[in-house]
Amino acid sequence: MNKVYRTKNSASGDLVSYYYDNDSSSSILTSDINEWVKNSTIKQHYRLNLLNPDESVRYVIPEEDIELNGNFNENYQNGQRRSLSVRLFNELKKYTPSINGIWTGVRFSYDAGIELQDGNIAWFKKGVYVVSNATPTHEPGERSVSLELSDKFSLFEGASGTLEMSYTIPVGTDIEEALKDILQFQMGNGDRMDPKPMIYNAAFKNRQTQATISKEAGSNFGEIISELCTQLNAEYFYDVEGNFNAVPINDVTNDVDKPIIDDLYADRGDFTSNNLSFDFSTIINRVYVTGSTTNGGYYEAMAVNDDPSSPLCYQRIGYRTASPINDPNITSDVLAQDRADYELRNKLILKSTVGIQTPFNPLYIVNNIITLTDEFYGIVQEQFLIQSISYSADYSGMMSVSLSNTRNLPFFTGRRGR
């Protein structure tokens, strides 16, 4: 069994998780990887593992069976964060869809590898996926199977997660237990929706629902998970090892205090294609949130970009107000304020973005901070939040990264009186 090295990244809530095929007693230093990928020719590798129902590895698909034309995408959002498309060579008919092989509901794990100077390969885990589409091709000169793979959260939003009858979670229900019941729901064939343990932040222990959650037949478990996590004030997603995570919003959105995972400089070729985009038409710098009613009133809060150092503060451009948000799952002024802060941050980070091409770096994960220096734009070690990552499964050694300027993000907040 390969030893797995893992580090919890409290700033983003996800993990850095990797292993070697050959025995190795040393872990990788972030600084060493960052410098090495910038100063060396990177040889990428790809590994696809077909999994058993308990998500242990059933067998490894050989790298030579994977065509170099797939795509990996990762986006910073709740629920589904990752997707993967691959094509497999099928000359020997090993991957033709069948009930004993690749079929509906079958899961894969995906690892991205980089070949190190000693010839060893460090394999970085990049998620667990469910087959959403399989397209075999049999024509002259080509026998292949194309696979579209979706983040595990898709199970709760698709047909497998659709409610056949109404579903109610009453006030006072332990939220951790409610989430476990959904994740471990029996699918009808003896398998559970999610056989792996949930990563449930200790700050949420013993938290109970403060409002009843009711869904009619035809709704899905994904909607219920969303409402439970709203009551927790949590972000929710699957990490690189395929475990469901519920993490406090305040922990993973504190951008000012996040560590910087890398520094990129245009003049030394760390990145290319620095394409700036400014979405002026939909700028928001003020958000109102209302929650459930109480004593004839209701819980409410406001978040406003009131920081003079921000280019999007109201003092510079006037108030730009979002449509009011009303959510009955908000059951206190504190939750209302946290939600308002969160929604304002999400709206601000999309308004000035940078798209770059940079050498493939397996340490990059969304919701982390890197700095850019580009004298052409007058940017000097400016901090940017990773919004999305994409790359082709080839040997180009490059990846596309979308970044948002964190100077938009600091803001003061104020709670409105009822």
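What follows is a short chat about a sheet, one arginine and the nonpolar cores of this predicted model.

Q: Let's start with the open sheet of three strands; what order do they come in?
A: The order is β11-β14-β13, and the pairing within this open sheet is mixed.

Q: And which strands stand at the edges?
A: Those are β11 (199-200) and β13 (234-238), and because each has a single partner strand, one side of each is left without a neighbour in the sheet.

Q: How is β11 joined to β14?
A: The two strands run parallel and are joined by two bridges, with β14 covering residues 244-248. In one of the pairings, Y200 has A246 of β14 as its bridge partner.

Q: Changing topic, is R82 buried or exposed?
A: R82, which belongs to strand β6 (residues 82-89), is buried, with a relative accessible area of 4%.

Q: What does its side chain make a polar contact with?
A: The side chain of R82 makes a polar contact with the side chain of E74 at 3.4 Å, and a polar atom of the R82 side chain also lies 3.0 Å from the backbone oxygen of Y238. Residues touched by R82 include D14, K126 and D151.

Q: Now the largest nonpolar core: which residues touch the most other members?
A: Among its 60 residues, these are L48, F108 and L372, while strand β22 (residues 379-393) gives the largest share of this core, seven residues.

Q: What does the second core include?
A: That separate core has 27 residues, among them I175, Y200, A234 and Y236.

Notes:
Residues are numbered from 1 along each chain as its sequence is written. This is a predicted model: local features need pLDDT of at least 70, side-chain atom pairs count only at pLDDT 80 or more; totals for chains, interfaces and linings use all residues. Side-chain values use heavy atoms; hydrogens and water are left out. Two strands pair if DSSP finds at least two bridges between them. Helices (H or I, at least four residues) and strands (E, at least two) are DSSP runs, numbered from the N terminus. Buried means under 20% relative accessible area, exposed over 50%, partly exposed in between (1.4 Å probe, protein chains only). A polar contact is a pair of N or O atoms within 3.5 Å; within protein, one must be able to donate a hydrogen and the other to accept it, and residues adjacent in sequence count only if both atoms are side-chain atoms. Contact means heavy atoms within 4.5 Å. A nonpolar core is a set of buried Ala, Val, Leu, Ile, Met, Phe, Trp, Tyr and Cys residues joined through side-chain atoms within 4.5 Å. Lists of a residue's contacts leave out its neighbours within four places in sequence.
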